[in-house]
Amino acid sequence: MADVMEAITSLAKRRGIAFQSSEIYGGLRSSWDYGPLGVELKRNIRNAWWRSMVQLRDDVVGLEAAIIMSPKVWEASGHLEAFTDPLVECLQCHQRFRADHIPGFHAPQSGHEEDETTVDLAHRPVCPNCGGTRFTEPRNFNLMFKTHMGPVEDEASAVYLRPETAQGMFVDFVQIQQVSRKKVPFGIAQIGKSFRNEITPGNFIFRMREFEQMELEYFVEPGTDERWHDYWIEERYRWYLDLGIREENLRLREHAPEELSHYSKRTVDIEYRYPFTDWGELEGIANRTDYDLRQHEKHSGQDLTYFDQEKGIRYHPYVIEPAAGVDRCLLAFLIDAYHEEEAPTATGGTEKRVVLKLHKDLAPTKVAVLPLSRNEALIPDARAVFDLVKVHWMCDYDDAGSIGRRYRRQDEVGTPFCVTVDFDTLEDRQVTVRERDSMRQDRIPIANLVAYLKERL
């Protein structure tokens, strides 16, 4: 399975999906830049989420909150006190790790020399970097990035890059409810950057220090929260299936009581079968109760309750939170869509074909226009066809290399349709449309091309 990740990362770099940031300076660990195709793929994931969560519903509205908020927000939310991971350092190579990411690390280590004859080495944690077995004692490490606002760097000017987008929706709850005139149950949705100073980032774009979240805070009446929690678990699970993720690669995992966040009554993860682990978190759906609204009301002194006019009661709504990472979604979609197969050649043989069988809504490029060759007679019509389709979809114009090689290039980035302009086009005003997965080819009049593609895209 490691070969799959190697193939994915190689493809991502080679075709401009994602590559290491600041690479000419040796790169920056866990920082990745998204190239032309990656930008489109991310945008399509965000659009699919927004369409499902906001556009097609009448009970959810959007918000774009500031990344840097008052530090009092993070004090009230508990992040300053509780948003930590256990950090240990290997005393041999001095690399630092999350203690809970090292197999066998169940108890604090003393960091001192021990009598080897009294230690059960089979159950001793081992450094993933050098194989050493001695570590410092675990200490709590706050994951928030700290910086300063203004010309003076002192504690009074300290602020933080947000570790989640959720708090903006909680502190703006009353304003959003009033301006949108929504009644509970209703939700506030947001897509934006978050920052966590992860101790051990890695596995390509799976765990990064700068990442993008898609979060919904859905406010419900207390007592209805468990039903709404189940509803959103089902909704979010189906979203991945509808966008082509194979069901055998998805599962739901209930959080055990000891791993629940300080605000959570119940949390269920949607997990994906990533190649580098048995299962990895793709999305979390948490019942945050009324913890956040009560905390912000307590610290701010502002009334953050909701008045139900029909029932004549006032209460702090409970909150159901589906929270997904754009980057982890992108990685899961890439892995699930990646296929290697044998395809027929023009000479009657076969060759390996790499194809990304991405859902059409996610494909970075929807249509590629390919003149059969660079013959000057074909260029005007090929360009005219490109101009015809580009106003409807993200399209590519490619005339470099043989037509077979160009088909393969489009297959490996998931382009659903290729349109070939050949010498017959000059006479019959028709083009050949090739479908990615089946490789079926249809001859279509140029006048009908947009309608043909719209029906399928």
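A search of the whole structure turns up 46 salt bridges, a salt bridge being a side-chain nitrogen of Lys or Arg within 4 Å of a carboxyl oxygen of Asp or Glu. The model is a predicted one, with pLDDT of at least 70 needed for local features and 80 or more for side-chain atom pairs, while totals for chains, interfaces and linings use all residues. Residues are numbered from 1 along each chain as its sequence is written, and side-chain values use heavy atoms, leaving out hydrogens and water.

Start with the charges. Side chains of opposite charge can pair when their charged atoms come close. Aspartate 327 and lysine 42 do this through a salt bridge, at 3.6 Å from N to O. That pair ties together distant parts of the chain, with aspartate 327 in helix H9 and lysine 42 in helix H2 (residues 36-55), 285 residues apart. Helices here are DSSP runs of H or I, at least four residues long, numbered from the N terminus. Aspartate 327 counts as buried because its relative accessibility is 3%, and lysine 42 is buried as well, at 7%. The cut-offs are under 20% relative accessible area for buried, over 50% for exposed, and in between for partly exposed, using a 1.4 Å probe and protein chains only.

Two other bridges join residues with their own accessibility patterns. In the salt bridge of lysine 360 with aspartate 361, the closest N and O atoms are 3.4 Å apart; lysine 360 is partly exposed at 31%, and aspartate 361 is partly exposed at 36%. For aspartate 442 and arginine 440, the closest N and O atoms of the salt bridge are 3.0 Å apart. Here aspartate 442 is buried, at 16%, whereas arginine 440 is exposed, at 55%. There is also a salt-bridge network, linking Glu341, Glu351, Arg353, Lys357, Arg408, Asp411 and Arg434.

Now for the nonpolar side. The largest nonpolar core has 60 residues, and Ile45, Trp239, Tyr240, Leu282, Cys329, Leu331 and Phe333 touch the most other members. Such a core is a set of buried Ala, Val, Leu, Ile, Met, Phe, Trp, Tyr and Cys residues joined through side-chain atoms within 4.5 Å. Helix H9 (residues 326-337) gives the most to this core, putting in 9 residues. A second, separate core has 20 residues, among them Val367, Val385, Val431 and Ile444.

Rings of Phe, Tyr and Trp (its six-membered ring) pair if their centres lie within 6.5 Å, and planes under 30 degrees apart count as stacked, over 60 as edge-to-face and the rest as tilted. Tryptophan 239 and tyrosine 240 make an edge-to-face pair, 5.0 Å centre to centre with 85 degrees between the planes, and both are buried. Tyrosine 274 and phenylalanine 276 are stacked instead, at 5.3 Å and 20 degrees; tyrosine 274 is buried at 1%, but phenylalanine 276 is partly exposed at 25%. Ring pairs also link Phe170, Phe173, Phe186 and Phe219 into a cluster.

Definitions and conventions
Helices (H or I, at least four residues) and strands (E, at least two) are DSSP runs, numbered from the N terminus.
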